[in-house]
Amino acid sequence: MNITFELNGQMHSVEASPWKRLLDVLREDLRLTGTKEGCGEGECGACTVIMDGEAVNSCLVAIGQCHGRTLTTVEGLATGDVLHAVQRALVACGGAQCGICTPGIAVCAAHVIDRGLLEGADEATARTKVRELLAGNICRCTGYQLIVDAIVVAAREVTR
Amino acid sequence: MTEYLRPRDLDEAVTARAAHPDWMVLAGGTDLMVNANHRVVPAGIVDLWRLAELCFVHVGDAITIGAGTTWSEVEHHPAIRERLAPLALSAREIGALQIQARGTLGGNVGTSSPVGDSLPALLALDAELEVASVRGRRRVPYREWCTGYRTTKLAPDELIVAAHVPIPDAATRTTWRKVGTRRAQSISKVMGAAAITLDGDTVVSARVALGAVANRPIRIAAVEDAVKGQRLGQAADAARAALRTAIQPIDDVRSTATYRREVAENLVARFFSPS
């Protein structure tokens, strides 16, 4: 079937089985390979994208469900050449290692910050909230410390 | 090629369900899309995601929650948080942010996994489900809903519309607790919920439900009977003793029967401890 949706600010149409995963359409049909597949079970968060304003696992979305929806992937976080605050903070704080989980973390954290979910929180509360809100993004390299640092730094920068 | 239909309203949805009982009814996909590339490709999909007639919370004498309501909507709804704490608490520990944004009440109830986190809450709160088909609507008490391992009273042509959840009175305290390897994402080893009606610190009556200790979420009648008339504290001991012979949990990849039994005893004992 023909499926049309808004992706990173532009309209896209694809011809695909409605059962095909959004993740596969992004990577194979649209060649947007920033979105990664970790587990394929909705456990790891590597494939996180934003759909109609909510962070979702793109491995669990059938592309038929995307018709008429609005999507943002990691490729859509930057504004032109300017990275999103959370992307800059991940770079500055060293909040990445092998990189498979990083796009999902960037998307989920950008969503959390842009939704204002960390607004008004002091440092300690923000750290706790980040660990809870990003509990669906698993990293097997880092131990999370530098990732949490980066998201807290980015949240502070955005609200300032 | 898989067929696809996104009904505009519930009438269209039940008509599609009646015409294509072999098609997959899909909402948030958090169960049905797991490992989708390794699954049997469905002949067709009836997509109920965000169908307006299923996405609502109505607060009256009872709180009615549309089947399409997501767990993040349940968690953040003020009346549910205040009056139906076990549901709000279970919503908060279903998966994580991404799963809560897509997983729905109707999905949890329809999939009817023995480890569905919200299901003991629905049992303890004595919810009633409303289902619809081209034949009309009917209500099923949730305590009669689960008929076996992932099987329910839902007929092949029916769709789940809503859960009607009575608001507990002021003398009833409610609680919910999950035990897993980690708060988020982990599939529960044991979880449970209770609604306990008190006169002072004496238990007048109680509904106690557990998940992951049987092939379906269950009420534990032996515990409910044992605590009646007991004071909190004594009731905890009575609940623990009654539970010991009431459940037969299993060994599996996530835990052992011995561990599940011990944790389940601790859970019910905690429910009946003085706060």
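1. Which strand of chain A is included in what covers the buried residues of α1(A)? The cover includes β2 of chain A, residues 10-15. The structure discussed here is a predicted model, and the points below should be read accordingly.

2. Confidence. The model has an ipTM of 0.97 and a pTM of 0.95. For chain B the average pLDDT is 95, and 99% of its residues reach a score of at least 70.

3. Helix α1 of chain A. This helix spans residues 22-29, and its buried residues are A:L22, A:L23, A:D24, A:V25 and A:L26. Just after the helix, A:R31 adopts a positive phi of about 55°.

4. Domains of chain A. Chain A is split into domain 1, residues 2-76, and domain 2, residues 85-159. Their C-alpha centres are 22 Å apart. The contact joins 14 residues of domain 1 of chain A to 11 residues of domain 2 of chain A. On the side of domain 1 of chain A that touches domain 2 of chain A, strand β3 (residues 48-51) of chain A contributes the most, with 3 residues. The class breakdown of that side of domain 1 of chain A is 7 nonpolar, 5 polar and 2 charged residues.

5. A glycine in a loop of chain A. A:G120 is located in the loop between α3 (102-114) and α4 (123-133) of chain A. Is A:G120 buried or exposed? A:G120 counts as exposed because it has 8 C-beta neighbours inside 10 Å, and a residue with 12 or fewer is classed as exposed. A:G120 and A:C47 are 73 residues apart along the chain, and 29 Å separate their C-alpha atoms.

6. Domains of chain B. The assignment for chain B gives domain 1 as residues 3-166 and domain 2 as residues 172-271. Taken over C-alpha atoms, the centres of domain 1 of chain B and domain 2 of chain B are separated by 24 Å. In the contact, domain 1 of chain B supplies 23 residues and domain 2 of chain B supplies 25 residues.

7. The domain 1 side of the contact in chain B. On the side of domain 1 of chain B that touches domain 2 of chain B, the elements giving two or more residues are α4 (85-92), α7 (119-124) and β8 (146-148) of chain B. Helix α7(B) provides the largest share, 5 residues. By class, this side of domain 1 of chain B comprises 14 nonpolar, 5 polar and 4 charged residues.

Technical notes
Residues are numbered from 1 along each chain as its sequence is written. Chains are lettered from A and ligands numbered from 1 in the order in which they are written. This is a predicted model: local features need pLDDT of at least 70, side-chain atom pairs count only at pLDDT 80 or more; totals for chains, interfaces and linings use all residues. Domain bounds come from an automatic or database domain assignment. Two residues are in contact if their C-beta atoms, placed from the backbone, lie within 7 Å. Helices (H or I, at least four residues) and strands (E, at least two) are DSSP runs, numbered from the N terminus. Ala, Val, Leu, Ile, Met, Phe, Trp, Tyr, Cys and Pro count as nonpolar, Asp, Glu, Lys and Arg as charged, and the others, Gly among them, as polar. A residue is buried if 20 or more other C-beta atoms lie within 10 Å of its own, exposed if 12 or fewer, and partly exposed in between; C-beta atoms are placed from the backbone. pLDDT is the predictor's confidence in each residue, from 0 to 100.
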